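Work through the exercises below with the sequence and the coordinates open. Each task is followed by a solution in steps.

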Amino acid sequence: LKCTEKYVYYLSFQSKSDIISTVEFNHTGELLATGDKGGRVVIFQREQESKNQVHRRGEYNVYSTFQSHEPEFDYLKSLEIEEKINKIRWLPQQNAAYFLLSTNDKTVKLWKVSERDKRPEGYNLKDEEGRLRDPATITTLRVPVLRPMDLMVEATPRRVFANAHTYHINSISVNSDYETYMSADDLRINLWNFEITNQSFNIVDIKPANMEELTEVITAAEFHPHHCNTFVYSSSKGTIRLCDMRASALCDRHTKFFEEPEDPSNRSFFSEIISSISDVKFSHSGRYIMTRDYLTVKVWDLNMENRPIETYQVHDYLRSKLCSLYENDCIFDKFECVWNGSDSVIMTGSYNNFFRMFDRNTKRDVTLEASRENSKPRAILKPRKVCVGGKRRKDEISVDSLDFSKKILHTAWHPSENIIAVAATNNLYIFQDKVN
């Protein structure tokens, strides 16, 4: 679990629009995409091996930056629609180009990212600037040719999937058939075909006839990694539903229902809030699902619905602070969680720019910090410890001095190597396993 920082990408502008809102590796790990509150997508590409350092892979450098979403205004509802990128999902690479989905609160876009290193010259009907020529001046016939040019990376929107969500989109997930994907908002989940933009199929609808009877909302949803008919979605009540699209067209009836019975002795005013699930992820094998609530990460076996097989305390020392966290709205923060490539280690974020790793085999865990002050390139990260009351050791930090404005909500793990990306406000940190 030792990590060595490779480098930090620091967005020097300090405006709110530069706060990173999602991080995602592509299927090979060669590309890493981030989205921010300003509607921008920044893609980093990993350098290839150099001849001097054959066994040392290169660093991630900026590959492409483009504006994915713009702020909009819904005149019928008098609502501003933020440009903030809520989620990015990559499609597996089929040819030389890359494809990714990005979404804000209402609209999902399919982007094509491609390279161009040649340019056509010698048009007959256009001049070199692209303007149409006067036909009377054309006296000879030319054969257009392709000339080499500096490499240019272009991002073009190929599809725009809009007007299907009344509420804010919180999840998108690409199906394993690679023909369809789903988008989930607070009350509904829609199934889309990549080729059809003007129509989606509603597969889950939990909206009650009377909104006053509403007791829970959908918080996250994801397709099974191998079975294209199966998906899960989590709720604000701390429950997870597994649905099978073969059973019925509308999956309002779940196939499996995962819920841990609550201990009455631990019940408090905050119980309902902290039990809300902020993220749900299938393991790469498809055998397990991982959920993150406010204080814990839980691993569930698909064959056991009544309780999780593993529960990890992320920051149990905050139990005594729930009242102040409720007052400053931190208790509503939505932390994400990720698996490593072999499903043996899980990672999730915390406050004070801390992030936690749990080894499922050895049951060891570690707290690491992503900050510019404590992280120098190629330096080994030192484990951090939080102490509650009593004497504080030299290298420990008191729970009372934690900075709740510094939080790590979004993390990503390379699909096959021990490389992680951690978003801390408007900084992106990339760490890798200790290398000799």
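Buried means under 20% relative accessible area, exposed means over 50%, and partly exposed lies in between (1.4 Å probe, protein chains only). The model is predicted, so local features need pLDDT of at least 70 and side-chain atom pairs count only at pLDDT 80 or more, while totals for chains, interfaces and linings use all residues. Residues are numbered from 1 along each chain as its sequence is written, and side-chain values use heavy atoms, with hydrogens and water left out.

**Exercise 1. Salt bridge of Arg-246**

Task: Find the salt-bridge partner of Arg-246 and state how far apart the closest N and O atoms are.

Solution. 
Step 1. Apply the criterion: a salt bridge is a side-chain nitrogen of Lys or Arg within 4 Å of a carboxyl oxygen of Asp or Glu.
Step 2. The partner of Arg-246 is Asp-244, with the closest N and O atoms 2.9 Å apart.
Step 3. Look for bridges that share partners: Asp-18, Asp-36 and Arg-40 are joined by them into one network.

**Exercise 2. Salt bridges between strands**

Solution. 
Step 1. Helices (H or I, at least four residues) and strands (E, at least two) are DSSP runs, numbered from the N terminus.
Step 2. Arg-147 is partly exposed, its relative accessible area being 41%.
Step 3. Distant parts of the chain are linked here, with Arg-188 in strand S14 (residues 188–193) and Asp-205 in strand S15 (residues 201–205), 17 residues apart.
Step 4. Asp-205, at 23% relative accessibility, counts as partly exposed.

**Exercise 3. The largest pocket**

Task: Give the volume of the largest pocket and describe its lining by residue class.

Solution. 
Step 1. On a 1 Å grid over the protein atoms alone, a pocket is an open set of points with protein on both sides within 12 Å along at least five of seven lines, a cavity is a set where a 1.4 Å probe fits but cannot get out, and lining residues have an atom within 4 Å of a point. Grid points are joined across faces, edges and corners, and the volume is the space filled by probe spheres set on the points.
Step 2. The volume is about 1,200 Å³. There are 41 lining residues, and the closest to the centre are Lys-84, Phe-332, Asp-333, Lys-334 and Leu-409.
Step 3. At least two lining residues each come from strand S2 (20–25), strand S16 (218–223), helix H1 (271–275) and strand S31 (419–424). S16 supplies the largest share, three residues.
Step 4. The classes are 14 nonpolar, 13 polar and 14 charged residues. Ala, Val, Leu, Ile, Met, Phe, Trp, Tyr, Cys and Pro count as nonpolar, Asp, Glu, Lys and Arg as charged, and the others, Gly among them, as polar.

**Exercise 4. The second largest pocket**

Task: Which element gives the most to the lining of the second largest pocket?

Solution. 
Step 1. The space in the second largest pocket is about 900 Å³. Its lining has 34 residues, of which Glu-24, His-27, Arg-89, Glu-222 and His-284 are the closest to the centre.
Step 2. Elements that each supply at least two of the lining residues include S2, strand S8 (87–90) and S16.
Step 3. S2 gives the most, with four residues.
Step 4. By class there are 15 nonpolar, 12 polar and seven charged residues in this lining.

**Exercise 5. Positive phi**

Task: Locate Asp-329 and Thr-425, and state phi for Asp-329 and Thr-425.

Solution. 
Step 1. Asp-329 sits in the loop between H2 and S24, and its phi is near 70°, a positive value in a residue other than glycine.
Step 2. Asp-329 is partly exposed, with 49% relative accessible area.
Step 3. Thr-425 sits in the loop between S31 and strand S32 (427–433); its phi is near 55°, again positive in a residue other than glycine.
Step 4. Thr-425 is partly exposed, with 30% relative accessible area.
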